[in-house]
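Welcome! Take a look at the model below, and then we can walk through it together, one question at a time.

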Amino acid sequence: MIMHFKNMQITIDYANSMTVAYEISHPKLVKFLTDNLMDVITFLSFPKSHHRKIHSSNVLV
């Protein structure tokens, strides 16, 4: 879901709402999300025409 937002601020706001919603039931997920969010959404800083062409060889652990 996060990957479908059109800009960084909307994505960050959504992620913040997810952390509030899941901080008690899924604390490890919330920690992972807060620790790695900016790495995951870096592609949003590139022009939209490039988004579909950006790939990563990194596996999320």
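Q: Among contacts between residues at least 6 apart in sequence, what percentage join residues at least 24 apart?
A: Before we start, keep in mind that this is a predicted model. Contacts in the protein can be sorted by how far apart the partners sit in sequence. Taking those between residues at least 6 apart, the share that joins residues at least 24 apart is 51%.

Q: How many helices and how many strands are in the protein?
A: The protein has 61 residues, and 18% of them count as buried. Its exposed surface comes to about 5100 Å², with carbon and sulfur atoms supplying 62% of that. As for helices and strands, the counts are 2 and 0.

Q: Which residue does the side chain of aspartate 35 meet in a salt bridge?
A: Side chains of opposite charge can pair when their charged atoms come close. The structure holds 1 salt bridge. In that bridge, the N to O distance is 2.6 Å, and the partner of aspartate 35 is lysine 31.

Q: How many residues apart are aspartate 35 and lysine 31 in helix H2?
A: An α-helix has 3.6 residues a turn, so residues three or four places apart point the same way. Both aspartate 35 and lysine 31 belong to helix H2, which covers residues 27-40. About one turn of the helix lies between them, and the separation is 4 residues.

Q: Is lysine 31 buried or exposed?
A: A residue counts as exposed when its relative accessible area is over 50%. Lysine 31 has 52% relative accessibility, so it counts as exposed.

Q: How far apart are the end C-alpha atoms of H2?
A: H2 has 14 residues, and at 1.5 Å a residue it should span 20 Å. The helix also bends by about 40 degrees at threonine 34.

Q: Which helix is included in what covers the buried residues of H2?
A: The buried residues of H2 are Val30, Leu33 and Leu37. Threonine 19 lies in helix H1, and, leaving aside neighbours within four places in sequence, threonine 19 is in contact with Val30, Leu33 and Thr34. The cover over the buried residues of H2 includes helix H1.

Q: Is valine 30 buried or exposed?
A: Valine 30 sits in helix H2. Leaving aside neighbours within four places in sequence, valine 30 is in contact with Thr19, Tyr22 and Glu23. A residue under 20% relative accessible area counts as buried. Valine 30 has 13%, so it is buried.

Q: Which residue's side chain is joined to that of histidine 26 by a polar contact?
A: Histidine 26 is in the loop between H1 and H2. With 42% relative accessibility, histidine 26 counts as partly exposed. The polar contact spans 2.9 Å, and the residue at its other end is serine 25.

Conventions: Residues numbered from 1 in each chain as written. Predicted model: local features only at pLDDT ≥ 70, side-chain atom pairs only at ≥ 80, totals over all residues. Heavy atoms only, no water. Buried < 20%, exposed > 50% of the residue type's maximum accessible area, 1.4 Å probe, protein only. Contact = heavy atoms within 4.5 Å. Areas by Shrake-Rupley, 256 points an atom, 1.4 Å probe, with all protein chains shown as cover. Salt bridge = Lys/Arg side-chain N within 4 Å of Asp/Glu carboxyl O. Expected span 1.5 Å × (residues − 1). Bend = angle between axes of the 7 residues up to and from the residue. Polar contact = N/O pair within 3.5 Å; in protein donor to acceptor, adjacent residues only side chain to side chain.
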